[in-house]
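Subject: Structure handover, with notes

Dear colleague,

I am passing on the structure below, and my notes on it follow. Please read them with the model open beside you.

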Amino acid sequence: MNNPIPVILVDDDADLLKATAQTIELAGFAVSRFSRASDALVQIDSSFPGVVVSDIRMPEIDGLQLFGRVRKLDPDLPLILMTGHGDIPMAVKAIQDGAYDFITKPFAADRLVQAVRRAAEKRQLILENRSLRDVAEQARDDLPLIGQTAAMERLRRTLRQIADTDVDVLVTGETGSGKEVVANLIHRWSRRSKGSFVALNCGALPETIIESELFGHEPGAFTGAQKKRVGRIEYSSGGTLFLDEIESMPPATQVHMLRVLEAREVAPLGTNETRPIDLRVVAAAKVDLGDPAQRGAFREDLYYRLNVVTLSIPPLRERRDDIFLLFSFFCERAARRFNRQAPALSSFTRHHLETHHWPGNVRELSHFAERFVLGLAGDDEGAKVPDAAATLTLPQRLNRHEAEILRETLASNGGDVRRTIEALGIPRKTFYDKLQRHGIERASFDRDTKPAGQA
């Protein structure tokens, strides 16, 4: 083991301290020995990556008092108590108060080592989860769900409505549209935000690994399973499980996942034991799972089990009025990141923003903004088209201006066709002909329809 997990061992009996330390060290841990709890406390803080093992009966600060002080430093730091038979009631009370385990003297070496290993595994999971949450918090504005179009306003409003309801959610949208951002917001805006946000990309794992990742396994469950592994489902209990590219989940795994969703319990590989879980699933798909042609091998019953609420994220090309808002946001963020000022927007770049199809959606726009700030995405990316401000013919300029007027009028009237036509003073057929010619999606301006994603 390159970086052995540290164990703080406290016992005022010098002989027992030496013998217990050797037992734990032989199991591959790095042991720090202390005969007084006050000395051990100096080495403990909320970032301590290991386990504390302590005798109960000690002078000055005893094991129970040490446990109380450790809990104040970090309530999630595992502490194992070593106790004589007469101290068992006290140890049981400590377990009820949050101590990890207690071991009755005299104890078998294997009993102690197994307890330390389980506690160390728990500690590593806790610290990993904290790290993930810190990263998520720092990067929560990556591919942000911002926009002023009616479609994005509806999406944000729907997220607020369903975030705290504990229903399972299916999110659909093209690559780069922000499906994981939606899942993160559902988690952060719910009462589950104090729990784990656990993400798994079903399309990135081989079929031989995905079930172990999801359901966990016991030692010996399959070749190479040398120790117990807590699965993502169990680890997400009390929080949110995000399954990205769920359409790629193997058929056999889909059957097991359906059972988990229906029973709200999980059985790790290699055991018949089921464990109850407090589960909330947010699944994401790049295809419309409601369409049998696109669904392919994905189980229909699993689709309907996940489809309590479905949220659809519109592609960037269908909410073009958000492009400059997003581009401005990404440029400001990139300027802070690279510690440089964003260059002035050239006509080539403006034309590229207005006319590019954006197949990579918001993610592609974010990367383009970074290149722009670095001076690597200037006129060459827009050079495939003429400079809109300088070389367009008069009819082309008029068409461009007409499209802007159509979008502005639709937006100001909430997508209402009758009011928009009255404001423009044109016949209905002419209105629809112009929408088709300019590639404008009227539905993206509609404020009055049922919120997108409602089941």
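Glu213 is found in helix H8, residues 207-215, and at 13% relative accessibility Glu213 counts as buried. Buried here means under 20% relative accessible area, exposed means over 50%, and partly exposed lies in between, with a 1.4 Å probe and protein chains only. Helices (H or I, at least four residues) and strands (E, at least two) are DSSP runs, numbered from the N terminus.

A word on conventions before the rest. This is a predicted model, in which local features need pLDDT of at least 70 and side-chain atom pairs count only at pLDDT 80 or more, while totals for chains, interfaces and linings use all residues. Residues are numbered from 1 along each chain as its sequence is written, and side-chain values use heavy atoms, with hydrogens and water left out.

The chain as a whole

The secondary structure of the protein chain comes to 19 helices and twelve strands. Of its 455 residues, 44% count as buried. Among the contacts in the protein chain with a separation of 6 or more, 71% are accounted for by residues 24 or more positions apart.

The sheet with E1 to E5

Five strands form an open sheet in the order E2-E1-E3-E4-E5, and the pairing is parallel; two strands pair if DSSP finds at least two bridges between them. Strand E2 (30-34) and strand E5 (101-104) are the edge strands, each pairing on one side only. From one strand to the next the twist averages 20°, with axes taken as lines fitted to C-alpha atoms, for helices over the stretch in contact, and angles running from 0 to 180 degrees between N-to-C directions. Strand E4 (residues 79-83) is joined to E5 by four bridges, and the two run parallel; Thr83 stands opposite Thr104 in E5.

Two helices lie across this part of the model. Helix H1 (residues 14-26) lies across strand E1 (6-10), E2 and E4, and runs at about 170° to E2, whereas helix H3 (residues 63-73) lies across E1, strand E3 (51-55) and E4, running at about 175° to E4.

Not counting residues up to four places away in sequence, Ala30 touches Pro4, Ile5, Pro6 and Val7, and its C-alpha atom is separated by 8.5 Å from that of Ile8, 22 residues apart along the chain.

The second largest cavity

There are two cavities of 30 Å³ or more, a cavity being a set of points, on a 1 Å grid over the protein atoms alone, where a 1.4 Å probe fits but cannot get out. The second largest cavity holds about 40 Å³ of space, a volume being the space filled by probe spheres set on the points, with grid points joined across faces, edges and corners. Its lining, meaning residues that have an atom within 4 Å of a point, consists of Phe67, Val70, Arg71, Asp74, Pro75, Leu77, Leu79, Gly98 and Ala99. Helix H3 supplies the largest share of that lining, three residues.

The sheet with E6, E7, E8, E11 and E12

Another open sheet of five strands has the order E7-E8-E11-E6-E12, with parallel pairing. Its edge strands, each of which pairs on one side only, are E7 and strand E12 (309-312). Helix H6 (residues 150-162) packs on the sheet, touching strand E6 (169-172) and E12, and its direction makes about 155° with that of E12.

Strand E8 (residues 240-244) is mostly covered, five of its five residues being buried. Both faces are covered, with Thr240, Phe242 and Asp244 on one side of E8 and Leu241 and Leu243 on the other. Five bridges join strand E7 (residues 197-201) to E8 in parallel, and Ala199 stands opposite Phe242 in E8. Three bridges join E8 to strand E11 (residues 281-285), also in parallel; there Leu243 stands opposite Ala283, and the bridge partner of Leu241 is Val281.

With best regards

Terms used: Contact means heavy atoms within 4.5 Å. On a 1 Å grid over the protein atoms alone, a cavity is a set of points where a 1.4 Å probe fits but cannot get out, and a pocket is an open set with protein on both sides within 12 Å along at least five of seven lines; lining residues have an atom within 4 Å of a point.
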